[in-house]
Amino acid sequence: MTAREQAQQKKQLRLLQEKERSAALRAFERNAVYEKFGSLFAGKLASGGTLLIAGIDEAGRGPLAGPVAAGACILPEDTDILYLNDSKKLSAKKRDALYDVIRKEAYAFHVALVDAQRIDEINILQATYEAMRAAVSGLTTAQGEKVSPDVLVVDAVTIPDLDIPQTGIIKGDARCASIAAASILAKVTRDRLMEEYDRRYPEYGFAAHKGYGTKAHISALRKYGPCPIHRRTFITHFMRSVNTDRARSTGGLSLRILLETDVWRRHAEITILRGKPQKRRPPCFLPVMAAQSWIGTSGTEEPQRLT
């Protein structure tokens, strides 16, 4: 056997192993749901129906800056998407490729973001739950039809204040296909938003660390002070010795003015939830993804969809 034939054989073996792994993800998810909720949907299943299972996961609970994101995704029962996994275990290139595949193949999906100010108001755990509930309520098909799932499978937690049956699965983003898909949608959306924030606040390096507390980020935070997307409740430890004058001024603008010109947009597939608006907040528009429409928002009113 030639070296080329050996390489081809190894490639085919890896593909076969990935197909088996992906099938195992789907089977584990179905079994977990049917074992727990099968009796609840006995009639639907007996008549040949299938359950709409929505996977839910978050991205961005730990960073010092930026929103927390939550994704919700319903995959077709016969989906054959390969390489789904915990988004943190995938390269950025692989996540971006899967993001496009998921959006194309999913039966329904949605992403919700809760901004830093709202996180400071209600704490990160409640903000994460709020994002998850918004992601579930926003589930929409490619044809624009709202979808209500039968069951939720959630990575590790149970979402309060939801009437839909749900089960939390430890390390679900690595064990369930729908949760893995939701994880990828949430992370790619948030990462792209942080890259846009990097263009607005280049001194912090958001494109590189996505708001997490790296040495470079903390150094910039101490040097320049916080910007409008920093979570104030997350940075008190790092700001004890910050120069007060510099903390109030970034790029020649006072912190008060920067807080009044925060940047948030709505996209047809994304819900954005904000903290209480600052007084006299002027509108500001910034595209987050190419070839997609966004519209300015203020307050915490019910999100509107673009048409």
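This is a predicted model: local features need pLDDT of at least 70, side-chain atom pairs count only at pLDDT 80 or more; totals for chains, interfaces and linings use all residues.
Biologist: Which word describes the pair of Tyr197 and Tyr201: stacked, tilted or edge-to-face?

Modeller: A pair of aromatic rings is described by the distance of the centres and the angle of the planes. Planes under 30 degrees apart count as stacked. For Tyr197 and Tyr201 the centres are 6.5 Å apart and the planes lie at 25°, so the pair is stacked.

Biologist: Are Tyr197 and Tyr201 buried or exposed?

Modeller: The cut-off for buried is under 20% relative accessible area, and for exposed over 50%. By that rule, both Tyr197 and Tyr201 are buried.

Biologist: Which residues form one aromatic cluster with Tyr204?

Modeller: Tyr204 makes a stacked pair with Phe206, at 5.4 Å centre to centre and 15° between the planes. Both Tyr204 and Phe206 are buried. The cluster that holds Tyr204 also includes Phe206 and Tyr224.

Biologist: Over the ring of which residue does the charged end of Lys94 sit?

Modeller: A charge counts as over a ring if NZ of Lys is within 6 Å of the ring centre and within 35 degrees of the ring normal. The charged end of Lys94 lies 4.1 Å from a ring centre, and that ring belongs to Tyr83.

Biologist: Which residue in E2 is the bridge partner of Glu58?

Modeller: Strand E1 covers residues 53–59, and six of its seven residues are buried. With strand E4 (residues 151–155) E1 runs parallel, joined by four bridges. With E2 (residues 68–74) E1 runs antiparallel, joined by six bridges. In E2, Glu58 is bridged to Ala70.

Technical notes. Residues are numbered from 1 along each chain as its sequence is written. Side-chain values use heavy atoms; hydrogens and water are left out. Rings of Phe, Tyr and Trp (its six-membered ring) pair if their centres lie within 6.5 Å; planes under 30 degrees apart count as stacked, over 60 as edge-to-face and the rest as tilted. Buried means under 20% relative accessible area, exposed over 50%, partly exposed in between (1.4 Å probe, protein chains only). Helices (H or I, at least four residues) and strands (E, at least two) are DSSP runs, numbered from the N terminus. Two strands pair if DSSP finds at least two bridges between them.
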